[in-house]
Amino acid sequence: MPLQLPEGKRFAAALTFDLDAQCLWMGMLGIDSPSYHSRGEFGALVGAFRVLDLLAEFDIKATWCVPGHSLVTFPDTIEKILEAGHEIAAHGCYHEAIPTLEPAEERRLMDVQLAQHQQIVGRLPRGYRSPAWDYSAVTAQILEDYGFDWDSSLMGRDFEPYRARPVDVRYEEASTFGAPSPLVELPVSWYLDDAPDVDYIRETAPGLGSHRDMGLRWQEILDYGRAHHPGGLFNLTMHPQTIGRAHHMLVLESLIQHAVSAGDVWFTTLSDACDAWIAHEETLAR
């Protein structure tokens, strides 16, 4: 089901930025290295500000998915993001690997990160993006219990928001699906992520691919969605420590110019995209 878009708009584009900063390395990869931590510092103190300047140039509001650790470690950066009118969503406590957690620990870390949102942002987030782009057996229930409106972690569609369902996987007969979640799922894709292509982590190499190839792929995905999925959503995930490098910023600028030149692309936050999808859902239900 498509989004209900503003008049004159055909397609939606959400530019989202995961401000993982230092906690990416220690949370997901277990790396405690001054070199890696300095890369996170670049993202929070250099890359994020380059991104903010570019978004301001085109008057685009974006969604920043921020772990609690980044909130409390770089509050001045968060203040600038908020002053610019951007949205901040939840993205874990310290970029933990969600599928590895025991249920009680996953719930405890949700409590910690939401308290950090209240402390730094001044309000609770409407949306959540799993640091692992994956769920445990209890993640969906936790998100429902804590009153989130949307999630952006799963990959069951490419251009269409949807309501995810739990699945009971069976090997010798058909898998079965449970009831749809009350949360709106705003799907992600590894094809629409900067880190796998052009960042380098020696423990998980390869990396350092062609930024031009990445930019061309993003434009082609945008063009296909705009042509074939009116009312769809292009949900692009970027990381300030990656996209904030000089040559990558040129790729992002080119993508924005390409979308603006089309004349009918609506740049949106994920919460506004969620609301636009629900608005269409409610219209159909009348």
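The side chains of aspartate 275 and arginine 126 meet in a salt bridge, with N to O at 2.7 Å; the term stands for a side-chain nitrogen of Lys or Arg within 4 Å of a carboxyl oxygen of Asp or Glu. This pair links distant parts of the chain, since aspartate 275 belongs to helix α11 (residues 270-285) and arginine 126 to the loop between α5 and β4, 149 residues apart. Helices (H or I, at least four residues) and strands (E, at least two) are DSSP runs numbered from the N terminus. The model is a predicted one, in which local features need pLDDT of at least 70 and side-chain atom pairs count only at pLDDT 80 or more, while totals for chains, interfaces and linings use all residues. Residues are numbered from 1 along each chain as its sequence is written, and side-chain values use heavy atoms, with hydrogens and water left out.

With a relative accessible area of 30%, arginine 126 is partly exposed, a class that lies between buried (under 20% relative accessible area) and exposed (over 50%), using a 1.4 Å probe and protein chains only. Aspartate 149 counts as partly exposed at 31%, and aspartate 275 is partly exposed at 33%.

The structure holds 13 salt bridges, and another of them joins aspartate 264 to arginine 226, whose closest N and O atoms are 2.6 Å apart. Because aspartate 264 lies in the loop between α10 and β10 (265-267) and arginine 226 in helix α8, the pair ties together parts that are 38 residues apart in sequence. Aspartate 264 counts as buried at 14% relative accessibility, whereas arginine 226 counts as partly exposed at 26%.

Helix α8 (residues 211-228) and helix α10 (residues 246-262) pack at an angle of about 20°, their axes 9 Å apart; axes are lines fitted to C-alpha atoms, for helices over the stretch in contact, and angles run from 0 to 180 degrees between N-to-C directions. That makes α8 roughly parallel to α10, as angles under 35 degrees count as roughly parallel, over 145 as roughly antiparallel, 65 to 115 as roughly perpendicular and the rest as oblique. Among the residues of α8 that meet α10 are Trp218, Leu222 and Arg226, and those on the side of α10 include Val251, Leu255 and His258, where contact means heavy atoms within 4.5 Å. The residues of this contact of α8 with α10 divide into seven nonpolar, seven polar and two charged.

Helix α2 (residues 34-58) also packs with α10 at an angle of about 20°, with the axes 11 Å apart, and that makes α2 roughly parallel to α10. In this contact, residues of α2 including Arg50, Leu54 and Phe58 meet residues of α10, among them Met249, Leu252 and Ile256. The residues of the contact of α2 with α10 divide into eight nonpolar, one polar and three charged.

Definitions and conventions: Nonpolar A, V, L, I, M, F, W, Y, C, P; charged D, E, K, R; others polar.
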